[in-house]
Amino acid sequence: PPDFFLSEMDSAEGHARGVVETVLTITVVSDTVCPWCFIGKRRLESAIAELCAEWPNVACTLQWAPYFLTPGRPPKPRNKLNGYVKRLGNEKTTAMVAMMQQLGEKESPPIRFSYGGDIADTLDSHRLLDWALETYGADVQARVVEALSTRYFERELSVGDHTVLVDAAREGGAEAEAAKIMLQDANDAAVRGEKLRRQAREIVESHAVAGVPHYVVSTPHGTAFSIPGAQDTAVFLRALRRILQVHDEAKQTARL
C-alpha cells in the first residue's frame, strides 16, 4: 500500500519514515457507483502523500463507510448511460460524460471513465467492503475499493455482479472463496445489510452528510472534522494541515 497508510505492523514497530506519533483516521463516506467518490479518492490520497512528506511523524488510516445514493434501487441492473439520459437528457449527459472524462484524465494515476455497462443496487458491494475491513483491516479494504472502482468506472463491470465483487476482493488481497461464501450467505445479507443501512443513516445524521463523497477526519483525541465533497488536492492538504495544527495546539494546552 502507499506508505502513508498505517498498517498493524506500522503501529507496532513504527513507520518506515520514522516513529509515528499521530494517526489521523479518515472515514470516507461514499457509494461505489459515485464517480466523484473515485475522483475524491485520488485527490485525497495525493494530499495525504504530501502531508506525510511534510509531517514525518504522521500517518493516516482510511476506512470506507456506506452511503446509498438511491436506497431501494431495484436489484435488477439497468444500463448506466441510459439512466443518465433518462434523468438528464441527451445534451446534458453528453456534456457530463465529457467533463468527467477530462477530469479523470487529470488525476494521478488517471481515471479513464467509461459510461457503458450496467448500474445496479450497491448493497452487496458495501457488504464486501465492510467484510474486507472487518476481516483483513483498512489496507485490504482500500485495495478492494480501488479494484472495484476500476472495474466499475473504467471496465464497465457491474457492482451487482458477485463474480466482479469476488475478483475485486481477490485483487485487493482478500481470499476469493471466503468473499464468495460471504456474498452468497443469506444470513449475512440480512444481518450485515441491516447493519450497513443503519450505519449509513447514523453517519448522515451525526455528520450532516448532504451528499458524497464526505470525509470525517478523527484525531487521536477523538475530535472529528468534516470535509465535504471531492475537493482539489490543495484544499484537502490545507484542511489536513489545519486539523494537525489544531490537534498539536490541543496537546500543548493539555500539557500546561
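This is a predicted model: local features need pLDDT of at least 70, side-chain atom pairs count only at pLDDT 80 or more; totals for chains, interfaces and linings use all residues.
Local features were considered at pLDDT of at least 70 and side-chain atom pairs only at pLDDT 80 or more, whereas totals for chains, interfaces and linings use all residues. Residues are numbered from 1 along each chain as its sequence is written, and side-chain values use heavy atoms, with hydrogens and water left out.

Helices and strands are DSSP runs numbered from the N terminus (H or I over at least four residues for helices, E over at least two for strands). Axes are lines fitted to C-alpha atoms, for helices over the stretch in contact, and angles between N-to-C directions run from 0 to 180 degrees. Helix α2 (residues 35-54) and helix α10 (residues 233-255) cross at roughly 45 degrees, and their axes come within 8 Å. The two helices α2 and α10 are therefore oblique to each other; angles under 35 degrees count as roughly parallel, over 145 as roughly antiparallel, 65 to 115 as roughly perpendicular and the rest as oblique. The crossing of α2 and α10 is right-handed, a crossing being right-handed if the near helix is turned clockwise from the far one by less than a right angle, and left-handed if anticlockwise. On the α2 side the contact (heavy atoms within 4.5 Å) involves G40, R43, L44, S46, A47, I48, E50, L51 and E54, and on the α10 side T233, F236, L237, L240, R241 and L244. By class, the residues of this contact between α2 and α10 are eight nonpolar, three polar and four charged. Here Ala, Val, Leu, Ile, Met, Phe, Trp, Tyr, Cys and Pro count as nonpolar, Asp, Glu, Lys and Arg as charged, and the others, Gly among them, as polar.

Helix α7 (residues 162-172) packs with helix α5 (residues 123-136) at an angle of about 20 degrees, the axes being 10 Å apart. This angle makes α5 roughly parallel to α7, and the crossing of α5 and α7 is right-handed. D124, S125 and L128 of α5 are in contact with H162, L165 and A169 of α7. Three nonpolar, two polar and one charged residue make up the contact of α5 with α7. The axes of α7 and helix α8 (residues 176-184) come within 8 Å and cross at roughly 145 degrees, again in a right-handed crossing. In this contact, H162, L165, V166, A169 and R170 of α7 meet A176, A179, K180, L183 and Q184 of α8. The contact of α7 with α8 contains six nonpolar, two polar and two charged residues.

A nonpolar core is taken as a set of buried Ala, Val, Leu, Ile, Met, Phe, Trp, Tyr and Cys residues joined through side-chain atoms within 4.5 Å. Buried denotes under 20% relative accessible area, exposed over 50%, and partly exposed the range in between (1.4 Å probe, protein chains only). The largest nonpolar core comprises 55 residues, and I26 and L44 have the most contacts inside it. Helix α6 (residues 138-154) supplies the largest share of this core, eight residues. Beyond its neighbours within four places in sequence, I26 is in contact with L44, I48, C60, T61, L62, Q63, Y215, V216, V217 and L240. Another core, of eight residues, lies apart from the largest one and includes A65, Y67, I203 and V209.

T22 belongs to strand β1 (residues 22-30) and counts as buried because its relative accessibility is 2%. Residues up to four places away in sequence aside, T22 touches N57, V58, A59, P220, L244, H247 and K251.

P213 lies in the loop between α9 (186-207) and β5 (214-218) and, at 3% relative accessibility, also counts as buried. With residues up to four places away in sequence excluded, P213 touches V29, C34, W36, C37, P228, G229 and A230. P213 and K41 are 172 residues apart in sequence, with a C-alpha to C-alpha distance of 8.7 Å.

Most residues other than glycine have a negative phi, and most peptide bonds are trans. The peptide bond from V212 to P213 is cis, with omega near 5 degrees. A cis peptide bond also joins S108 and P109, with omega about -5 degrees; P109 is in the loop between α4 (90-106) and β4 (118-119). E156, which is not a glycine, has a positive phi of about 65 degrees. E156 is in the loop between α6 and α7 and is partly exposed, with a relative accessible area of 35%. A208, likewise not a glycine, has a positive phi of about 55 degrees. A208 is in the loop between α9 and β5 and is exposed, with a relative accessible area of 61%.
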